[in-house]
Amino acid sequence: MIEQENQSSDLFGDLTVDPMAKQYLRSMSGWAMVIVVVSVIGYIFSVIDLFRGKRPASFNRAEGFDMGFTESSTGAEVFTSLLSIAIGLLINYFLYRFARQAKAGVDGLNQSELNKSFGNLKAYFMACSIILIIAFVLLLLGALVLGTRTAMQ
């Protein structure tokens, strides 16, 4: 029984990785790292833009001319922006760990690191799926409320 539990916790068992699979895993980890770096740079620009100050009001522009009016960020806007950045950083942390551990596992032929990397990739996709399901349910509820409100009038 104990031997069977040890085998089930090992993701691949006795895995042999051929050179083509190593190349694919290195490529996957490289692209995952590119995604993480670009996302973090985007989050940094979002934070800078959020706290930069007042922006020109979009409704005050007429045929390319700015009328000099500005609008500032509200507290709710700042909170939702910071919350979405925090969630994005948390999700991309799993992708970062996948990229780092997959590269280390392939380069060092370390089965344990490779198993951990795919565990992090699983967590990344699970978190993305859960967030997508929550967003879809909220969108569906919003459409239902809007449809009910429209039908009542």
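## Overall architecture

Along the sequence, the elements of the protein follow the pattern α-α-β-β-β-β-α-α. This comes to four helices and four strands. The model is predicted, and the positions discussed below carry the numbering of the chain as its sequence is written.

Of the 153 residues, 18% count as buried. The protein exposes about 11,400 Å², and carbon and sulfur atoms supply 68% of that area. Among contacts with a separation of 6 or more, residues 24 or more positions apart account for 63%.

## Confidence

The average pLDDT of the protein is 82, and 76% of the residues score at least 70. Confidence is highest in helix H4, at a mean of 93, and lowest in helix H1 (residues 2-9), at a mean of 48.

Where pLDDT is low, the predicted coordinates should not be read in detail.

## Helix H3

Helix H3 covers residues 75-107, which makes 33 residues.

The buried residues of H3 are Val78, Ile85, Gly88, Ile91, Asn92, Leu95, Phe98, Ala99, Gln101, Ala102, Gly105 and Val106. These buried residues pack against two other helices, H2 (19-51) and H4 (111-152). An α-helix has 3.6 residues a turn, so residues three or four places apart point the same way.

## Glutamine 101

Glutamine 101 is found in helix H3. Its relative accessibility is 6%, so glutamine 101 counts as buried, the cut-off being under 20%.

Leaving aside residues up to four places away in sequence, glutamine 101 touches Glu113, Leu114, Lys116, Ser117 and Asn120. H4 spans 111-152 and is one of the helices against which the buried residues of H3 pack.

## Aromatic pairs

A search of the whole structure finds three aromatic pairs. In one of them, the rings of tyrosine 93 and phenylalanine 94 have their centres 6.3 Å apart and their planes at 55°, so the pair is tilted. A pair of aromatic rings is described by the distance of the centres and the angle of the planes.

Tyrosine 93 counts as partly exposed at 42% relative accessibility. Phenylalanine 94 also counts as partly exposed, with a relative accessibility of 23%.

## Salt bridges

The structure holds three salt bridges. Side chains of opposite charge can pair when their charged atoms come close. Aspartate 107 forms one of these bridges with arginine 26, the closest N and O atoms being 2.9 Å apart. Aspartate 107 lies in helix H3 and arginine 26 in helix H2, so this pair ties together parts that are 81 residues apart in sequence. Aspartate 107 is partly exposed at 42% relative accessibility, and arginine 26 is partly exposed at 33%.

Aspartate 107 also forms a salt bridge with lysine 103, where the closest N and O atoms are 2.9 Å apart. These two residues are four apart in helix H3, which means that about one helical turn separates them. Lysine 103 is partly exposed, with a relative accessible area of 44%. Salt bridges that share partners join Arg26, Lys103 and Asp107 into one network.

A further bridge is formed by the side chains of aspartate 49 and arginine 52, with an N to O distance of 3.4 Å. Aspartate 49 counts as partly exposed at 34% relative accessibility, whereas arginine 52 counts as exposed at 59%.

## The loop after H3

Leucine 109 follows H3 and has its place in the loop between H3 and H4. Its phi is positive, about 50°, although leucine 109 is not a glycine.

The relative accessible area of leucine 109 is 62%, so this residue is exposed, the cut-off being over 50%. Aspartate 107, by contrast, is partly exposed and belongs to helix H3.

Terms used. This is a predicted model: local features need pLDDT of at least 70, side-chain atom pairs count only at pLDDT 80 or more; totals for chains, interfaces and linings use all residues. Side-chain values use heavy atoms; hydrogens and water are left out. The expected span of a helix is 1.5 Å times one less than its number of residues. Buried means under 20% relative accessible area, exposed over 50%, partly exposed in between (1.4 Å probe, protein chains only). Contact means heavy atoms within 4.5 Å. Accessible areas come from the Shrake-Rupley method with a 1.4 Å probe; for residues, only the protein chains shown count as cover. pLDDT is the predictor's confidence in each residue, from 0 to 100. Rings of Phe, Tyr and Trp (its six-membered ring) pair if their centres lie within 6.5 Å; planes under 30 degrees apart count as stacked, over 60 as edge-to-face and the rest as tilted. A salt bridge is a side-chain nitrogen of Lys or Arg within 4 Å of a carboxyl oxygen of Asp or Glu.
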